[in-house]
Amino acid sequence: MKTRRREDDEDVDTMMIMQRLEAEKRARLQDEERRRKQQLEEIRKREAEERAKQEEDRRWRDEAQRESGEKRRQEEEYYTRLEAERRRQHDVAERKLLTPDDPPSGYNSYTGNSAGVVGSGEVYNDPRDKWTKTQEQENSIPSGAPESMTFKERQRLFSQGKEVSNKVKASRKLMELENELNTK
């Protein structure tokens, strides 16, 4: 009977060891599972933060592009209007120079000036040589620094292609327009 009891004790010990090993194994598996879940949660959190950061960066870039495009569009419109006004002023000035102020004959009576004598006491006065007081004022360069001139004076000089300021301040579009005008 002692052997049987010993066998029973050994069986109980073996069973207890097996149960303890099983419990340790379950605890280890649960710890591993908990760590995996925690790591997965951390990965998901980082991914969400990264997506939010990328979305914010994308919104910022879109806004910057929108603002840049709007500014470029406004600048192009401004220079287009400026160029149209410059052409208009040029056309008006050209018409003034080419259109005589006198009747269609274009001849004036002799004024004592021997230059441009057409014949029998008449002198041909070329209307392009005629300058009115306002034209002289428009084409004269005001004295003093450009910064002391009025806006209209600077605008007039600018439309005539003269230097308006000693400050270098020109956009890429302006330089393109000026180059384009100079090559025509």
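**Close-up views of the predicted model**

**View 1. Gln 89 lies in helix 1.** Helices (H or I, at least four residues) and strands (E, at least two) are DSSP runs, numbered from the N terminus. This is a predicted model, in which local features need pLDDT of at least 70, side-chain atom pairs count only at pLDDT 80 or more, and totals for chains, interfaces and linings use all residues. Residues are numbered from 1 along each chain as its sequence is written, and side-chain values use heavy atoms, with hydrogens and water left out. Gln 89 counts as partly exposed because its relative accessibility is 32%; buried means under 20% relative accessible area, exposed over 50%, and partly exposed in between (1.4 Å probe, protein chains only).

**View 2. Helix 1 (residues 2-98) crosses helix 4 (residues 172-183) at roughly 30°.** The two axes come within 10 Å; axes are lines fitted to C-alpha atoms, for helices over the stretch in contact, and angles run from 0 to 180 degrees between N-to-C directions. Helix 1 and helix 4 are therefore roughly parallel to each other, a term for angles under 35 degrees.

**View 3. Residues of helix 1 and helix 4 form a contact.** Helix 1 contributes Arg 72, Glu 75, Glu 76, Tyr 79, Glu 83 and Arg 86, while helix 4 contributes Arg 172, Lys 173, Leu 174, Leu 177 and Leu 181. Contact means heavy atoms within 4.5 Å. By class, seven of these residues are charged, four are nonpolar and none is polar; Asp, Glu, Lys and Arg count as charged, Ala, Val, Leu, Ile, Met, Phe, Trp, Tyr, Cys and Pro as nonpolar, and the others, Gly among them, as polar.

**View 4. The protein chain contains four helices and three strands.** From the N terminus on, the order of elements is α-β-β-β-α-α-α. Of the 184 residues of the chain, 8% count as buried.

Methods:
Angles under 35 degrees count as roughly parallel, over 145 as roughly antiparallel, 65 to 115 as roughly perpendicular and the rest as oblique.
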